[in-house]
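Please look over the sequence and the three-dimensional structure shown here before reading on. The report below is meant for someone meeting this structure for the first time.

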Amino acid sequence: MEFFQNLVTTFNFILQGVWVTIGVTAVALAVGLVFGVTMAMARVYGNPFLQTVAAIYSVIVRAVPVVVIIFILFFVIARFVNLSPFWAGSLALGFASGAYQSEIFRGAFRAVPPGQMIAARAIGMSKLQAIQSIILPQAARLALPAWGNEATLVLKDSTLVFVVGVPEILRRAQQVSARTLEPFLAFSVAMLLYLVLTLLTTQILQWFERRYRLQM
Amino acid sequence: MKKQIRMWMLLIAALLALSACTAVQPTGQQPGAASAEGSGKLAQIKAAGKIVVGTSADYPPYESIDADGNFVGFDMDLIRAIGERLGVEVEIVDMPFDSLIAAVQEGKIDAVIAAMQATAERDEKVDFTIPYRMTKDAFAAAQDSTLVMEKPEDAAGHSIGVQTGTVQERWVQDNLVATGLTPADLVFSYERADQAALDVANGRIELLLMDAEPAMELAKQTGLKILLITESTAEGGKSIAIPEGADDLKAELDRIIQEMLDDGTIQKIQEAHGLP
């Protein structure tokens, strides 16, 4: 009986971190999407200068552990701009995810036959118009499976924002395990919640994949 | 021409996006920027009407979070009492222990209370108040031990276990072995304190010397009894960390802590949390 009481209290306490985790993940994915698509466009269709900028971003950010980026954003940049831990953590995570997403979209852009770009240009579209109305709709569909994988990775990387004091699922599990001295129970609950969140994410993305599948 | 303009716009957009996270936008209020100057930190806190204190809420009975999400523990009650005497509200922020010093350095928080000792390395980065609680050590023995201890030196001549590299080990070496009170082969150094506790419980050694609070916890688990709790073998105490150079804040906190030590407030809070 006591075990169930502990379980319920532990569960309720950690559950409050779920919204924080979802918030961090959503912001990071959105920011990463903007960075990723922009950088992939620059990489594939930009002039040599833009290509270099995008390549440097991708290489450097992917070489640096996400937790370091979070630290830099929260402790160094925040000297000038007062970012809350939540925003510093989410933006840093998004900035990092953008590099991985740029690789996903670069592959997707390259997978669209180059003849389509040439044809679009030949009928008088500008590069941006062609990307917007011809390339991107196809590339987005091609990118979706890999992007779904990245989404689950970002969901799990959201645990890293606890280093700047964001009380997401993992930090709450630590707090409760310190109090109750039952780490197994606390981290099992955390594991369960991550499992549910990950399954939910993959289900939603699979629905998107089906919904927007190209009818060949 | 038009194409080039587009490309430039794209470039600028990309650069903006890149620098969004690194852009320096000086704002009117900079609660963080003041940490370097230090002077007037106390005035700032009073003007804000609150002091932001960082802790790592995973170390009961000093600091933890109860089931309702409130910060509880000895440090928490103490800092609230200090806030009362300062005449400001106390806002507590939870962070991993390793992030606390950086956070106070960068002015993210005004102070740290986290059962933290003022070590030399930390002292280079931040300032510390006077200790609000001295570290205490405990001598533990097996439940059936007939030993009686009134002072640390009563351990002389008995086999004793300590943790490698700790201040307790140094105390035993300096005060028992070097003075000839205990032969060197009666001192046993362990990798971990709980291993030493098991050997005491099994009767392989007679005594164990370690930090008092974990000792009490270990004693409960392994069925040892605490013979003596003492300050004289330990070094230093737990202090509040504040930004470097915040001299006015340090002076005021030192004064309040001294006052609370003298009038028994701290003693009372310690007892309320079962601390020796």
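The sections that follow take up chain A, then chain B.

## Chain A in outline

The structure is a predicted model, and everything described here should be read with that in mind. Chain A contains eight helices and zero strands, and the pattern read along its sequence is accordingly α-α-α-α-α-α-α-α. The C-alpha trace of chain A spans about 75 × 45 × 25 Å along its principal axes.

Of the 216 residues in chain A, 41% count as buried. When contacts in chain A are taken between residues at least 6 apart in sequence, 77% of them join residues at least 24 apart.

## Two packed helices in chain A

Two packed helices are described by the angle between their axes and by the distance between those axes. In chain A, helix H1 (residues 2-45) packs with helix H6 (residues 127-157) at an angle of about 135 degrees, and their axes lie 10 Å apart. H1(A) is therefore oblique to H6(A), and the crossing of H1(A) and H6(A) is right-handed. On the side of H1(A), the contact is made by A:Thr25, A:Ala28, A:Leu29, A:Gly32, A:Met41 and A:Tyr45, while H6(A) contributes A:Lys127, A:Ile131, A:Ala151, A:Val154 and A:Leu155.

Leaving aside residues up to four places away in sequence, A:Ala139 touches A:Phe105, A:Ala108, A:Phe109 and A:Val112. A:Ala139 and A:Ala111 are 28 residues apart in sequence, and their C-alpha atoms are 7.4 Å apart in space.

The secondary structure of chain B comes to ten helices and 14 strands. Buried residues make up 35% of the 276 residues in chain B, and residues 24 or more positions apart account for 76% of the contacts in chain B with a separation of 6 or more.

Chain B is divided into domain 1, which takes in 32-134 + 237-272, and domain 2, which covers 137-230. Taken over C-alpha atoms, the centres of domain 1 of chain B and domain 2 of chain B are separated by 32 Å.

## A five-stranded sheet in chain B

In chain B, five strands form an open sheet in the order S10-S9-S11-S8-S12, with mixed pairing.

Helix H6 (residues 167-177) of chain B lies across S8, S9 (160-163), S10 and S11 of chain B, and runs at about 140 degrees to S9(B).

The buried residues in H8(B) are B:Ala212, B:Glu213, B:Ala215, B:Leu218 and B:Ala219. What covers the buried residues of H8(B) includes S8, helix H7 (193-201), S11 and S12 of chain B. Just after H8(B), B:Gly223 takes a positive phi of about 70 degrees.

## Backbone details in chain B

Most residues other than glycine have a negative phi, and most peptide bonds are trans. The peptide bond from B:Pro60 to B:Pro61 is cis, with omega near 5 degrees, and B:Pro61 is placed in the loop between strand S1 (50-55) and strand S2 (64-65) of chain B.

B:Ala115 has a positive phi of about 50 degrees although it is not a glycine. B:Ala115 belongs to the loop between strand S5 (111-112) and helix H5 (120-125) of chain B, and B:Ala115 is partly exposed, with 19 other C-beta atoms within 10 Å.

How values were computed: Residues are numbered from 1 along each chain as its sequence is written. Chains are lettered from A and ligands numbered from 1 in the order in which they are written. This is a predicted model: local features need pLDDT of at least 70, side-chain atom pairs count only at pLDDT 80 or more; totals for chains, interfaces and linings use all residues. Domain bounds come from an automatic or database domain assignment. Two strands pair if DSSP finds at least two bridges between them. Helices (H or I, at least four residues) and strands (E, at least two) are DSSP runs, numbered from the N terminus. Two residues are in contact if their C-beta atoms, placed from the backbone, lie within 7 Å. Axes are lines fitted to C-alpha atoms, for helices over the stretch in contact, and angles run from 0 to 180 degrees between N-to-C directions. A residue is buried if 20 or more other C-beta atoms lie within 10 Å of its own, exposed if 12 or fewer, and partly exposed in between; C-beta atoms are placed from the backbone. Angles under 35 degrees count as roughly parallel, over 145 as roughly antiparallel, 65 to 115 as roughly perpendicular and the rest as oblique. A crossing is left-handed if the near helix is turned anticlockwise from the far one by less than a right angle, and right-handed if clockwise.
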